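Reader: Hi! Could you walk me through this one before I set anything up?
Author: Happy to, here it is.

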Amino acid sequence: MDKTNYTSDDIESRYTPGAGIGVFAKRQLQPKQTLYETSDEYFSIIYRRYWKEVCGFCYNYDSGLDWKLKENHIGVVFCSEECRSKFMKRIAIAPDLHAFLISVEEFSRKRKQLKTAPDPEDDDIIPDRRIIEESWTDSQNTLLDIVNTLASDKPNKAQRKLLSEVQAAGLRAYDEDSDTDIDSIKNLASYIATNVLSPSTVAHTLTLSTTIEPCTLSRLLDQQINHYLALVSLLPPSLSQYALSAPSIAKILAVDRSNSFGIWSGSSDLKCTHTEERSELLGSMLVPSLSRFNHSCSPTVSKQRSRHTWTFSTTDVVNADQEIFITYLGGDEKTLNVDDRRQRLVNGWGFICGCVKCTNESTQSDID
Ligand SMILES: [Zn+2]
Ligand SMILES: [Zn+2]
């Protein structure tokens, strides 16, 4: 499988003017045919609130009970010795990645010791895309200074001061009453860790388009930038080459907002993070390969997660040259009417669904 172009013997991604990129069958596909399977080409985080209850390797969750196998120093727990050993083996690919994850966890815990929370004066301003991109671009020079400092054998006084300043600024950027800032730190750290473990996954993500404005509060934008600079300053020198540029991080954050799905308890399928009420939202996941598929309310491919492995397979016959669709609605498209489906897709993904099912149903209701 060529991941960036998303091509195999069966499928390929293709650009169609007006419709953007979609995935098409190269030959006739039979029902239940596996198109793609991956165990590591994605980003994921477990929300801090649940970190003791969700296996860091396979996302196993046992009705809110804490798992006993803990790797406290990196803030991860496991449901079995097998999961722990697979996880530890994976991060051992890069010798210093473990050390980086320890620093990230220490950093996450340290910020709670601060007495004063950041000033929330800018809280209600929602920056537009241009402001977000400019802010990230402005931080690129500082980022380069940090990376140069990490690479130098003997950092001078100014360089040492820079590292301690960005770390202090990162620590100050915290939320007083919740753990969402730790989620933000862990999310940004997962971009760097994924770049170490699977650079092609990051490269693939950077080619994806975004469907909604990366809307966020000014305070959160500053928080993300301060957290990211602090995280880069924590990198062991051998990993400094894996620090993503500030504009790349801005792009991944935007792709993440448009394409990520929740990890839900009691469910092996992805669910829409905005509407699900049946189970607990344990974390979130960005699977770049999934983002190549467009949405239809009558999908022809299903996505299933079994532990940490994702499988995409056909649900029906798909003829050669036909586009293949997933659903972004996590199964709810079967019960919702056209208006509710469209509303949900507009809210979550910023588009009005024009799939065959919606088109037929809305024409039908016009006639009625
Ligand atoms: Zn497990
Ligand atoms: Zn539709």
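Reader: Thanks! What percentage of the 368 residues of the protein count as buried?
Author: In this predicted model, 49% of the 368 residues count as buried.

Reader: And how many helices and strands does the protein have?
Author: There are 12 helices and 12 strands. Among contacts between residues at least 6 apart in sequence, 69% join residues at least 24 apart.

Reader: Let's look at a helix pair. How do the axes of α6 and α9 cross?
Author: Helix α6 spans residues 180-197 and helix α9 spans residues 246-259. Their axes come within 11 Å and cross at roughly 115°, so the two helices are roughly perpendicular to each other. The crossing of α6 past α9 is right-handed.

Reader: Nice. Which residues meet there?
Author: From α6 you have Asn187, Leu188 and Tyr191, and they meet Ile249, Ile252, Leu253 and Asp256 of α9. The residues of that contact divide into 5 nonpolar, 1 polar and 1 charged.

Reader: Switching to strands: in what order do the 4 strands of the open sheet come?
Author: The order is β1-β2-β12-β9, and the pairing is mixed. The edge strands are β1 (11-16) and β9 (294-295), each of which pairs on one side only.

Reader: How many bridges join β9 to β12, and which way do they run?
Author: 2 bridges join β9 to β12 (residues 323-326), and the two strands run parallel.

Reader: What stands opposite Asn294 there?
Author: That would be Phe325 in β12.

Technical notes: Residues are numbered from 1 along each chain as its sequence is written. Chains are lettered from A and ligands numbered from 1 in the order in which they are written. This is a predicted model: local features need pLDDT of at least 70, side-chain atom pairs count only at pLDDT 80 or more; totals for chains, interfaces and linings use all residues. Side-chain values use heavy atoms; hydrogens and water are left out. Axes are lines fitted to C-alpha atoms, for helices over the stretch in contact, and angles run from 0 to 180 degrees between N-to-C directions. Angles under 35 degrees count as roughly parallel, over 145 as roughly antiparallel, 65 to 115 as roughly perpendicular and the rest as oblique. A crossing is left-handed if the near helix is turned anticlockwise from the far one by less than a right angle, and right-handed if clockwise. Contact means heavy atoms within 4.5 Å. Ala, Val, Leu, Ile, Met, Phe, Trp, Tyr, Cys and Pro count as nonpolar, Asp, Glu, Lys and Arg as charged, and the others, Gly among them, as polar. Two strands pair if DSSP finds at least two bridges between them. Buried means under 20% relative accessible area, exposed over 50%, partly exposed in between (1.4 Å probe, protein chains only).
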